[in-house]
Amino acid sequence: MPSVTRDGVTIDYAVDGEPGEPTVLLLEGLGYGRWMWRWLAEALADDYEVLRPDNRGTGDSDAPEGPYTAAEMAADAAAVLDDRDADAAHVCGASMGGMIAQELALADDRVASLTLLCTSPGGDDATPTPPDVQKHISSAPEDAAPRERIRYLMEPAVSDGFYEREPELVDRIVDWRLAGDATPAGREAQAAAVAAFDASGRLDAVDVPTLVLHGTADRVLPAENAELLGELLPHADVDLFDGGPHLFFVEERERVNDRIRAFLGGVA
């Protein structure tokens with residue numbers, strides 16, 4: 001896999017599709033490796049060059065001492081665009097990745113469009129993660145085996161019954177998370193970036209087409225945040241997925257991928 005080093009931190013990234021096609025940059029959520037974009041990358045690869053970096057602290061990227069900031073990780077993402085000689089990019093981010101995407105759009109005029117999934121603008125008006133959910137996703141039973149620990153921590157991010165509906169997929173996700181997610185220290189450093197993030201007073205400067213997607217049953221970052229993004233971003237179209245959980249783009253991957261493809265086709 002290619003990599004780029006910025007300020008002594010090496011960021012590893014995957015490339016799908018063909019060089020020379022329009023660039024799409026995919027930014028993942030807190031603690032998650034680039035595996036979470038595998039379905040969207042496959043759906044876009046025929047028409048785009050798709051870049052999937054591991055955030056600092058995650059997977060094959062370096063894990064420097066934290067805390068991190070969203071702006072810092074946006075600068076890492078910009079370095080990936082530099083490494084690919086990309087003069088424009090459609091940027092798609094989920095959860096923490098959506099926060100990084102907002103910072104990138106504010107700092108880099110190469111951002112041609114934004115797709116923001118299950119994320120928040122931060123600030124006083126944002127709806128935070130409920131305390132009980134925050135506690136659940138931050139800790140697991142001390143005696144839990146590694147695989148069970150991942151399943152436990154992921155429960156609030158998926159819909160009731162998902163584990164039973166797609167047991168083989170869940171097993172693969174656990175494998176991917178064991179192999180490619182953030183280190184414990186990396187996750188803690190990324191969590192600090194989420195806690196400190198606030199773009200709410202700056203988003204009126206984002207002058208690019210924006211698609212905001214969110215599940216209405218998101219227990220991690222409630223869907224009120226999508227409506228707030230729609231109010232703050234000048235060119236935002238908000239689509240809510242009825243009953244969708246935080247990982248709605250995994251559970252409803254075909255619908256989500258089709259919606260993103262249609263959006264990109266309209267702005268490319």
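## Getting started

Helices (H or I, at least four residues) and strands (E, at least two) are DSSP runs, numbered from the N terminus. What you're looking at is a predicted model, where local features need pLDDT of at least 70, side-chain atom pairs count only at pLDDT 80 or more, and totals for chains, interfaces and linings use all residues. Residues are numbered from 1 along each chain as its sequence is written, and side-chain values use heavy atoms, with hydrogens and water left out.

## The whole protein

The protein has 11 helices and eight strands. Its C-alpha atoms fill a box of roughly 50 × 40 × 35 Å along the principal axes.

Of the 268 residues, 53% are buried. Here, buried means under 20% relative accessible area, exposed over 50%, and partly exposed in between (1.4 Å probe, protein chains only).

## Strands side by side

Two strands pair if DSSP finds at least two bridges between them. Strand β1 (residues 3-6) runs antiparallel to strand β2 (residues 9-17), and four bridges join them. In this pair, Ser3 sits opposite Asp12 of β2. Two residues lie between the strands of this hairpin, and Asp7 takes a positive phi near 50 degrees.

β2 also pairs with strand β4 (residues 49-53), again antiparallel, over five bridges. There, Gly17 faces Glu49 in β4.

## Helix α7

Helix α7 (residues 167-180) has 14 residues and spans 20 Å from first C-alpha to last, close to the 20 Å expected at 1.5 Å a residue. That expected span is 1.5 Å times one less than the number of residues. Which residues of α7 are buried? They are Leu169, Val170, Ile173, Val174, Trp176, Arg177 and Gly180. Down the helix axis, these fall within an arc of 165 degrees (using directions from the axis to the C-beta atoms), so they line one face of α7.

The buried residues pack against several helices, including α1 (38-44), α8 (184-196) and α11 (253-267). Contact here means heavy atoms within 4.5 Å. The face turned away from the buried side carries exposed Glu168 and Ala179.

## A buried arginine

Arg34 sits in the loop between β3 (23-27) and α1. Arg34 counts as buried because its relative accessibility is 10%. Its side chain makes a polar contact with the side chain of Asp60 (3.4 Å). A polar contact is a pair of N or O atoms within 3.5 Å; within protein, one must be able to donate a hydrogen and the other to accept it, and residues adjacent in sequence count only if both atoms are side-chain atoms.
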